[in-house]
Amino acid sequence: MKIQASFLTKLTLVLLVAGSMAACNQNKTADKSTTSASSTVATGGIVFVNQDTLLAKYEYFKDMTKRLEDKNKSATGDVESRRQALQREVTDYQKSANTLSADQRSTTEQRLQREGQEFQSYQQNASAQFQNETSGEQQKLYEKVAAFMKDYAKEKGYKMILTFQKGNT
């Protein structure tokens with residue numbers, strides 16, 4: 001969990017810097033002489049980026065979050081419907097167990113046990129797949145923001161980019 005939190009913190013950092021840099025680029029075309037003067041002043045400087053603001057304004061992050069939320073809802077719904085179907089089968093068996101022969105009960109219990117194990121396996125696989133997709137998306141996001149920040153820092157001559165995230169000191 002700490003590794004994922006650390007990764008998310010880094011990802012958030014990168015996104016904040018990228019958003020801030022994008023916002024700064026909008027003013028670039030307005031006044032080239034002002035940009036040149038501020039570049040000269042900031043050359044070799046240290047800049048500060050608020051990660052929370054960056055993520056809040058970065059459209060790729062918003063889209064990625066929406067996609068992942070939709071996938072999570074879909075997967076959760078699928079797992080839940082399978083769980084309910086299995087639960088109905090168990091309930092039906094329990095209601096009719098007294099009327100079944102010993103062989104039928106044994107066969108049905110084995111089948112239900114096998115289906116229960118298959119369900120658990122399916123649930124674990126679905127969870128692992130979603131985590132892998134989430135990790136992949138976060139890695140892409142991190143790489144995009146890191147590349148942007150690196151290019152922007154090089155272009156502006158910044159030596160260091162510091163970040164702040166609410167709750168992180």
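## Overall layout

The model is predicted. Its chain has 169 residues, and 25% of them count as buried. Five helices and two strands make up the elements of the chain. Starting at the N terminus, their order is α-α-β-α-α-α-β.

Among contacts with a separation of 6 or more, 88% are between residues 24 or more positions apart. The accessible surface of the chain is about 11700 Å². Carbon and sulfur atoms hold 52% of that surface.

## Helix α4

Helix α4 covers residues 59-96. It has 38 residues. From first C-alpha to last, α4 reaches 55 Å, close to the 56 Å expected at 1.5 Å a residue.

Six names make up the buried residues of α4: Y60, M64, L68, V79, L86 and Y93. The cover over these buried residues includes α5. An α-helix has 3.6 residues a turn, so residues three or four places apart point the same way.

## The nonpolar core

Which residues make up the largest nonpolar core? They are Y60, M64, L68, L141, V145 and M149, six residues in all. Two elements, α4 (59-96) and α5 (102-156), each give two or more residues to this core. Y60, M64 and L68 are also among the buried residues of α4.

Beyond its neighbours within four places in sequence, Y60 is in contact with R67, E137, K140, L141 and K144. One of these, L141, belongs to the core as well.

## A nonpolar patch on the surface

The surface also carries nonpolar residues. I46, F48, M160, L162 and F164 form a nonpolar patch there. Together they have about 510 Å² of accessible area. Strands β1 (46-50) and β2 (160-164) each give two or more residues to the patch. β2 gives the most, with three residues.

Is L162 buried or exposed, or in between? L162, which lies in strand β2, is partly exposed. Its relative accessible area is 41%. Buried means under 20% and exposed means over 50%, so a value in between counts as partly exposed. A patch residue needs over 30% relative accessible area, and L162 is one of the patch residues.

Key
Residues numbered from 1 in each chain as written. Predicted model: local features only at pLDDT ≥ 70, side-chain atom pairs only at ≥ 80, totals over all residues. Heavy atoms only, no water. Core = buried A, V, L, I, M, F, W, Y, C linked by side-chain atoms within 4.5 Å. Buried < 20%, exposed > 50% of the residue type's maximum accessible area, 1.4 Å probe, protein only. Helix = DSSP H or I, 4+ residues; strand = E, 2+ residues; numbered from the N terminus. Contact = heavy atoms within 4.5 Å. Areas by Shrake-Rupley, 256 points an atom, 1.4 Å probe, with all protein chains shown as cover. Expected span 1.5 Å × (residues − 1). Patch = residues over 30% accessible without salt bridge, like charges linked within 9 Å, V, L, I, M, F, W, Y side chains within 5 Å. Salt bridge = Lys/Arg side-chain N within 4 Å of Asp/Glu carboxyl O.
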